[in-house]
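Here is a short briefing on one protein model.

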Amino acid sequence: MSQQTNWNQVYDDTIRWIREAGNEIVSSFTTSFNIESKSNPNDLVTDIDKQTEKFFIEKIKGTYPTHRIMGEEGFGDEIEDLDGVIWFLDPIDGTMNFVHQQTNFAISIGIYEDGIGKMAFIYDVTKDELYHCKKGSGVYLNEERIRPLKQTNLSESLLAINATWVTENHRIDPRTFSPLLKKIRGTRSYGSAAIEMAYVAAGRLDGYVSLRLAPWDFAAGKLLIEEAGGVCTTVDNKEIDLLDKNTIFVGTQLFHTQVQKDYIQPALDQNFYLRAPSTK
């Protein structure tokens, strides 16, 4: 498949399509759009999400008919294996932010071949910040190459984390991360997995942890972080499954190692987790 794929052309096409889609999304701010709930009242989808996914599918299938697509809104292919070229597509990651704030949302595309990441794109639409990479060629923010990640001590680190991790819930005991939050410099929560993972790759955050992300949520961010020299695993330090939901923990090498050793593993040893932490 790699001999049949002109990856430079794929790269250029994807950037062009992302910017075109981003312009259309921004244009929608002045119009009304329909909002629906999916799995629960907080799991939102708009007709803009659906239109954007259909736009990409039409472009991808029209240009690369042998490629397959796993898209959040379900207009792509049924993906049960990692054979060939697969596009992991989230047309609007952070739909709640899109609905409520019209900022802090992103287009996220990760392209993999036989399970290996080839290129990744996360476009923060309203800030006009496109994080992108080809495997082995470094990470870029728009036209500027991002510097290698700095290794920062916990006391000087920023972690992106949702309040769920430190409040009572049926998945994880808040005692796992509460002590860590007293050690690090601060926390952030932007409401978009793609943006938060892009920020780790760019050195704006030192780590990010999130419950049960789908492949289209993390595929692009995973490749960006690894290309920048960071680490991406499940929260219990296992390999991420590209075909399933994962509870993930990503960060710089030093941050990831320290948190795994001093906070997550002790929590596992003491059975703080109420369910299997990796996925369900």
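Buried means under 20% relative accessible area, exposed means over 50%, and partly exposed lies in between, with a 1.4 Å probe and protein chains only. This is a predicted model: local features need pLDDT of at least 70, side-chain atom pairs count only at pLDDT 80 or more, and totals for chains, interfaces and linings use all residues. Residues are numbered from 1 along each chain as its sequence is written, and side-chain values use heavy atoms, with hydrogens and water left out.

**Overall form**
- The protein chain has seven helices and 14 strands. Helices (H or I, at least four residues) and strands (E, at least two) are DSSP runs, numbered from the N terminus.
- Along the principal axes, the C-alpha atoms fill a box of roughly 50 × 40 × 35 Å.
- Of the 280 residues, 53% count as buried.

**Ile161**
- Ile161 lies in the loop between β10 (158-160) and α4 (178-183).
- Ile161 is buried, because its relative accessible area is 8%.
- Leaving aside neighbours within four places in sequence, Ile161 is in contact (heavy atoms within 4.5 Å) with Phe177, Leu181, Thr187, Arg188, Ser189 and Val209.
- Ile161 and Ala193 are 32 residues apart in sequence and 10 Å apart in space, C-alpha to C-alpha.

**Helix α5**
- Helix α5 spans residues 193-201, and nine of its nine residues are buried.
- Among them are Ala193, Glu196 and Tyr199.
- Gly203 follows α5 and has a positive phi, near 85°.

**Strand β3**
- Strand β3 (residues 68-71) is covered on both faces. Arg68 and Met70 are buried on one side, Ile69 and Gly71 on the other.
- β3 and β4 (residues 85-93) run parallel, joined by four bridges. Two strands pair if DSSP finds at least two bridges between them.
- Arg68 has Ile86 as its bridge partner in β4.

**Second largest pocket**
- The second largest pocket has a volume of about 210 Å³.
- Of its 16 lining residues, Lys150, Thr152, Gly203, Arg204 and Asp206 are the closest to its centre.
- On a 1 Å grid over the protein atoms alone, a pocket is an open set of points where a 1.4 Å probe fits, with protein on both sides within 12 Å along at least five of seven lines; lining residues have an atom within 4 Å of a point.

Note on methods:
Points joined across faces, edges and corners; volume = space filled by probe spheres on them.
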